[in-house]
Amino acid sequence: MRILGLDYGDRTVGVAVSDLFGWTAQGLEVIKRNSPNEHKQSLGRLAEIIKEYEVEKIVLGYPRNMDGSEGERCEKTMAYKQRLEKRFGGIPVELWDERLSTVAAQRFLHEADFDIKKSRGFIDKMAAVYILQGYLDYIRIKEKKTDE
């Protein structure tokens, strides 16, 4: 089963996909949007990806504040979740706490000597990888505890 990981932002959506076993997340691309309110083209591209990779679940990064509270970004993410559910009705969409995913991606790029200003799109894709990998690791640990 393949799972899609998304890092939703005002102008971009970072996209990652799991391997067939659900062990690892790989960054796919960054879907750029012309404006914060444009979704038709980006949802169309996601439809292509979902079909190509036979995606059975979507994990959407949920940007809580560091203290766990929910702000404006959470509201926008919930609205996007509803768009995804409406467009891809048969595919469940789960929210995943994405606190520090962008920071982790930036740190990774900094340590690898990437120019962060030139790598903005790459950061969004890496953030999607961190979101999805965190979810995959959680599921694997949860299943392991159930088996014990």
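## Sheet and helix packing in a predicted model

Strands S1 and S2 pair in the antiparallel sense over five bridges, where two strands count as paired if DSSP finds at least two bridges between them. Helices (H or I, at least four residues) and strands (E, at least two) are DSSP runs, numbered from the N terminus. This is a predicted model, in which local features need pLDDT of at least 70 and side-chain atom pairs count only at pLDDT 80 or more, whereas totals for chains, interfaces and linings use all residues. Residues are numbered from 1 along each chain as its sequence is written, and side-chain values use heavy atoms, with hydrogens and water left out.

The protein chain holds four helices and five strands, which follow one another from the N terminus as β-β-β-α-β-α-β-α-α. Five strands make up an open sheet of mixed pairing, in the order S3-S2-S1-S4-S5. Its edges are strand S3 (25-32) and strand S5 (93-97), each of which pairs on one side only. Neighbouring strands of this sheet are turned against each other by 25° on average, direction ignored; axes here are lines fitted to C-alpha atoms, for helices over the stretch in contact, and angles run from 0 to 180 degrees between N-to-C directions.

Strand S2 (residues 12-18) is joined to S3 by seven bridges, and the two run antiparallel. A hairpin of three residues links S1 to S2, while the hairpin of S2 and S3 has six residues between the strands and includes Gly22, which takes a positive phi near 75°. Individual bridge partners involving S2 are listed below.

Burial of S2 can be described residue by residue, with buried meaning under 20% relative accessible area, exposed over 50% and partly exposed in between (1.4 Å probe, protein chains only). Thr12, Gly14, Ala16 and Ser18 point one way from S2, Val13, Val15 and Val17 point the other way, and all are buried. Seven of the seven residues of S2 are buried, so this strand is largely enclosed by the rest of the structure. In the protein chain as a whole, 40% of the 148 residues count as buried.

Helix H1 (residues 40-53) packs on the sheet, where it touches strand S1 (2-8), S2, S3 and strand S4 (55-62), and its direction makes about 155° with that of S3; contact means heavy atoms within 4.5 Å. Helix H2 (residues 72-87) lies across S1, S2, S4 and S5 and runs at about 165° to S4.

The two helices also pack against each other: the angle between H1 and H2 is about 55°, and their axes are 11 Å apart. That makes H1 oblique to H2, since angles under 35 degrees count as roughly parallel, over 145 as roughly antiparallel, 65 to 115 as roughly perpendicular and the rest as oblique. In this packing, Lys40, Ser42, Leu43, Gly44, Leu46 and Ala47 in H1 meet Tyr80, Arg83, Leu84 and Arg87 in H2.

Among contacts in the protein chain between residues at least 6 apart in sequence, 61% join residues at least 24 apart.
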